[in-house]
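Work through the exercises below with the model open. Try each task before reading its solution.

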Amino acid sequence: MKLLIASDVHGSAFWCEKLMDALESEAPDKLILLGDLLYHGPRNPLPEGYEPPAVARMLNGVKERIVAVRGNCDSEVDQMVLEFPCLADYAIVLDERARTLFCTHGHVHTPDAPPALPAGSAFLSGHTHVKTNEVRDGITFLNPGSVSLPKDGTHSYAVYENGRFELKELA
């Protein structure tokens, strides 16, 4: 099982297209989207190539491969243009070894106060726009950073394969 994990597209068609290129080259089984897909939010600047309708078209084009959760900038109106569910606060994905991958945006369920998870699980979140890949108390905490508005200047995503997470930069 191979997963591509991304967060915080924030309506950038420019960076979403780069994500679609990564999706094609990585060829994962699923694309996990950790929220903040279409809207930039009131605290963020407009990202490069801000065009939410184009982002919706790109994501809808791969809808059968997407598992998505709601970010703090996502709303019911976004669900009206997206053809895959995106309003749940979390999703649970099991890998081929039945490892629990708890997927959330990070504003309701946070890395500082995660839900009870079995040892060996992973807590996947975005929200902070800061890449993280660390193990604490037997749980892996992964944040793929931000596709369009990274705090460290590197637009990024993560790949999960063979039980390992790898952070990668968008070209």
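**Exercise 1. The open sheet**

In what order do the five strands of the open sheet run?

The model is predicted: local features need pLDDT of at least 70, side-chain atom pairs count only at pLDDT 80 or more, and totals for chains, interfaces and linings use all residues. Residues are numbered from 1 along each chain as its sequence is written, and side-chain values use heavy atoms, with hydrogens and water left out.

Step 1. Read off the order: β3-β2-β1-β9-β10, with mixed pairing. Strands (E, at least two residues) and helices (H or I, at least four) are DSSP runs, numbered from the N terminus. Two strands pair if DSSP finds at least two bridges between them.

Step 2. Find the edges. β3 (66–68) and β10 (164–169) each pair on one side only.

Step 3. Take the twist. It averages 25 degrees from one strand to the next.

Step 4. Check one pair. β2 (residues 30–33) runs parallel to β3 over three bridges. Here Leu 31 stands opposite Ile 66.

**Exercise 2. Two helices**

Describe how α1 and α2 pack.

Step 1. Get the geometry. The axes of α1 (residues 13–26) and α2 (residues 52–60) come within 9 Å and cross at roughly 15 degrees. Axes are lines fitted to C-alpha atoms, for helices over the stretch in contact; angles run from 0 to 180 degrees between N-to-C directions.

Step 2. Classify the angle. α1 and α2 are therefore roughly parallel, a class for angles under 35 degrees.

Step 3. List the contact (heavy atoms within 4.5 Å). α1 gives Ala 13, Cys 16, Glu 17 and Met 20; α2 gives Ala 54, Val 55, Met 58 and Leu 59.

**Exercise 3. A hairpin**

Which side chains of β4 point to the buried face?

Step 1. Ala 91 and Val 93 point to one face and are buried, meaning under 20% relative accessible area.

Step 2. Pair the strand. β4 and β5 are antiparallel over five bridges. Cys 103 in β5 is the bridge partner of Ala 91.

Step 3. Inspect the turn. Five residues lie between the strands, and Ala 98 takes a positive phi near 65 degrees.

**Exercise 4. A loop proline**

Locate Pro 118 and name what it touches.

Step 1. Pro 118 is in the loop between β5 (100–104) and β6 (122–124).

Step 2. Pro 118 touches Thr 100 and Ile 139, not counting residues up to four places away in sequence.

Technical notes:
Angles under 35 degrees count as roughly parallel, over 145 as roughly antiparallel, 65 to 115 as roughly perpendicular and the rest as oblique. Buried means under 20% relative accessible area, exposed over 50%, partly exposed in between (1.4 Å probe, protein chains only).
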